[in-house]
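Subject: Handover of a structure for your review

Dear colleague,

Please find below the sequence and structure that I am handing over to you. A summary of the findings follows.

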Amino acid sequence: MVAIIDYGVGNLSSIKNMLKKIGVDAEISGKAEDIQAADKVILPGVGHFDYGMQHLYDSGLVNVLNNDVLINKKPILGICLGVQLLTQSSEEGKEKGLGWIKGKTIAFDKNRLSPGQKIPHMGWTDVKAFERSKLFTGMYAEPRFYFVHSYHLALNNPVDILAAANYGYDFTVGIEHENILGVQFHPEKSHKFGMKLLENFVKYY
């Protein structure tokens, strides 16, 4: 069973519906016992970094997740704000992130954007996945995903980077470190591409 973490931030029902389409049993929950009982977990999220971290701490799930993910090595997939919360910090706020991924979340550099490119980066964008990525295994040709974000990841270790996209310049959109995975885009809004990615997460991790 896949647990979709409900901490008051995120588009939860859309993720559950897409998992249902591929025959995956998923449950939306903010209860520690449900998270612990799950085989895999998904950490969604939209909005401000500090808002997300504060809600995650208020949920009482941080210690549960630290134990499940760092000690028991349970697979987790962060989505949009959810993947940013996995980093150590963000330029968007003052709260510390979970720190599971070494690196930080930074604002798009407006000086490197082309004329007409606005922030937030919103809409469909091609994604280049590196060959070693199981998360993108068997992906359709020229995979495209739906984005809505003003900040992106800047990781310390290039080995943790699974995929990149370009908006004025190349930036990281997919990460993997042991059992910890994340994507900056919204697979639940990305039709067949997102469906395949979620299927791969459930199948290979």
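Asp68 is located in helix 4, which spans residues 62-71. The model is a predicted one, and all that follows should be read accordingly. With a relative accessibility of 5%, Asp68 counts as buried, because the cut-off for that class is under 20%. Apart from neighbours within four places in sequence, Asp68 is in contact with Ile35, Gln36, Lys73 and Lys74.

Helix packing

The axes of helix 1 (residues 12-21) and helix 6 (residues 191-204) come within 10 Å of each other and cross at roughly 75°. The two helices, helix 1 and helix 6, are therefore roughly perpendicular. From helix 1, the residues Met18, Leu19 and Lys21 take part, and they meet His191, Gly194, Met195, Leu198 and Val202 of helix 6. Sorted by class, this contact of helix 1 with helix 6 comprises five nonpolar, two polar and one charged residues.

Backbone geometry

Most residues other than glycine have a negative phi, and most peptide bonds are trans.

- His191, which lies in helix 6, has a positive phi, near 50°. His191 is exposed, since its relative accessible area is 55%.
- Glu178 also has a positive phi, near 55°. Glu178 sits in the loop between strand 12 (170-177) and strand 13 (180-183), and its relative accessibility of 51% means that it counts as exposed.
- The peptide bond from Ile119 to Pro120 is cis, with omega near 10°. Pro120 belongs to the loop between strand 6 and strand 7 (121-126).

The largest pocket

Pro120 is also one of the residues that line the largest pocket. This pocket holds about 160 Å³ of space. Helix 5 (81-84) and strand 9 (144-149) are the elements that give two or more residues to the lining. By class, the lining residues of the largest pocket are six nonpolar, five polar and one charged.

A loop glycine

Gly99 is placed in the loop between strand 5 (89-90) and strand 6 (103-107). Beyond its neighbours within four places in sequence, Gly99 is in contact with Leu85, Leu86, Thr87 and Gln88. Gly99 and Gly30 are 69 residues apart in sequence, and their C-alpha atoms are 21 Å apart in space.

With kind regards

Notes:
Residues are numbered from 1 along each chain as its sequence is written. This is a predicted model: local features need pLDDT of at least 70, side-chain atom pairs count only at pLDDT 80 or more; totals for chains, interfaces and linings use all residues. Side-chain values use heavy atoms; hydrogens and water are left out. Axes are lines fitted to C-alpha atoms, for helices over the stretch in contact, and angles run from 0 to 180 degrees between N-to-C directions. Helices (H or I, at least four residues) and strands (E, at least two) are DSSP runs, numbered from the N terminus. Angles under 35 degrees count as roughly parallel, over 145 as roughly antiparallel, 65 to 115 as roughly perpendicular and the rest as oblique. Contact means heavy atoms within 4.5 Å. Ala, Val, Leu, Ile, Met, Phe, Trp, Tyr, Cys and Pro count as nonpolar, Asp, Glu, Lys and Arg as charged, and the others, Gly among them, as polar. On a 1 Å grid over the protein atoms alone, a cavity is a set of points where a 1.4 Å probe fits but cannot get out, and a pocket is an open set with protein on both sides within 12 Å along at least five of seven lines; lining residues have an atom within 4 Å of a point. Grid points are joined across faces, edges and corners, and a volume is the space filled by probe spheres set on the points. Buried means under 20% relative accessible area, exposed over 50%, partly exposed in between (1.4 Å probe, protein chains only).
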